[in-house]
Amino acid sequence: MMDRVFFTKGHGTANDFVILSDPDGELELTPALVAALCDRRRGVGGDGVLRVVRAAKHPEGAGQAADAEWFMDYWNSDGSIAEMCGNGVRVFARYLVANRLAAPGAEGLPVATRAGIMLAVVEADTIRVRMSTPKVYAASTATVGILTVPGLAVDCGNPHLVCGLHDGVELAGLDLSTGPAVDRSLFKAGVNVEFVEAAEALDGLDRHVRMRVHERGSGETMSCGTGALAVGAVALREAGLSSGSVAVDVLGGRLVVTCDEQGAWWLAGPAVLVASGEVTVPVPGHQPG
Ligand SMILES: N[C@@H](CCC[C@H](N)C(=O)O)C(=O)O
């Protein structure tokens, strides 16, 4: 069986998404269809799918419909569902504005997600999103090959483990082609793992770091917005700062994480739409009758 699907492709610092417009929640989105769309050789290719659906029309968005018209239904490329995607929200807001589905008011554009409502502020090429407050809640470790790195578990709506590299271990040398080994009893639903090294000081920023990430459900990606938020929270905490800005360099560019004087957390970076069209994807597992 083949499915014909209209799509838009977008990315935020090269964390890329297949965007599906489904305002009334009529699309039968399945893990197999998501995985087929995200397939980089047989499909459109992407780290995940963003389904654009009216909050009122999605069972997990309906409770937020009074405060946000649109719900970001986010799926990882393996067909699993995640609570939140920081780059995804920024690309989602770009899509809403570009397609005149929402106006980018000065007070921000609310986007409902499984982790609550995020507020997107469009500033030309940059989209800045008010995120939920990252919560550091446990110490743990991640193991890559023979290297075990201590880290901190951070809840950003979705789960993260932030591991700082020291003692001459280089970020570029890590093999993230498979997932790092983690404590499954702490991360029962899986975890996104960020590895971090310090970078040179930048004017106007309190900290500057580089990170690579292995994402739950997507593998190593070029960027992860909630991952950057988790990394920014750990960097400010380690610097003893209750507010400030952290530049987080990812393989796909730069994100800036800010905790403002009011204690609100922001994620800023570019968000771009690059293509749209129609794709015909085989639905794996379907036996021709
Ligand atoms: N790339 C995203 C995070 C996507 C979800 C993640 N893989 C998970 O399963 O929690 C981001 O930009 O935050």
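Modeller: A residue is near a molecule or strand if its C-beta atom, placed from the backbone, lies within 6 Å of it. The model is predicted, so local features need pLDDT of at least 70 and side-chain atom pairs count only at pLDDT 80 or more, while totals for chains, interfaces and linings use all residues. Residues are numbered from 1 along each chain as its sequence is written.

Biologist: Which residues come nearest to the ligand?

Modeller: There are 18 residues around the ligand, and Ala82, Asn87, Asn158, Gly225 and Thr226 come nearest. The elements giving two or more residues to this shell are α2 and α3 (225-238), and α2 gives the most, with 3 residues.

Biologist: Why is the ligand said to lie between domain 1 and domain 2?

Modeller: Domain 1 (2-128 + 272-282) and domain 2 (135-262) both give residues to the shell, so the ligand lies between them; the bounds come from an automatic or database domain assignment.

Biologist: What makes strand β5 mostly covered?

Modeller: A residue is buried if 20 or more other C-beta atoms lie within 10 Å of its own, exposed if 12 or fewer, and partly exposed in between. In β5 (residues 109-113), 4 of the 5 residues are buried, and the strand is therefore called mostly covered.
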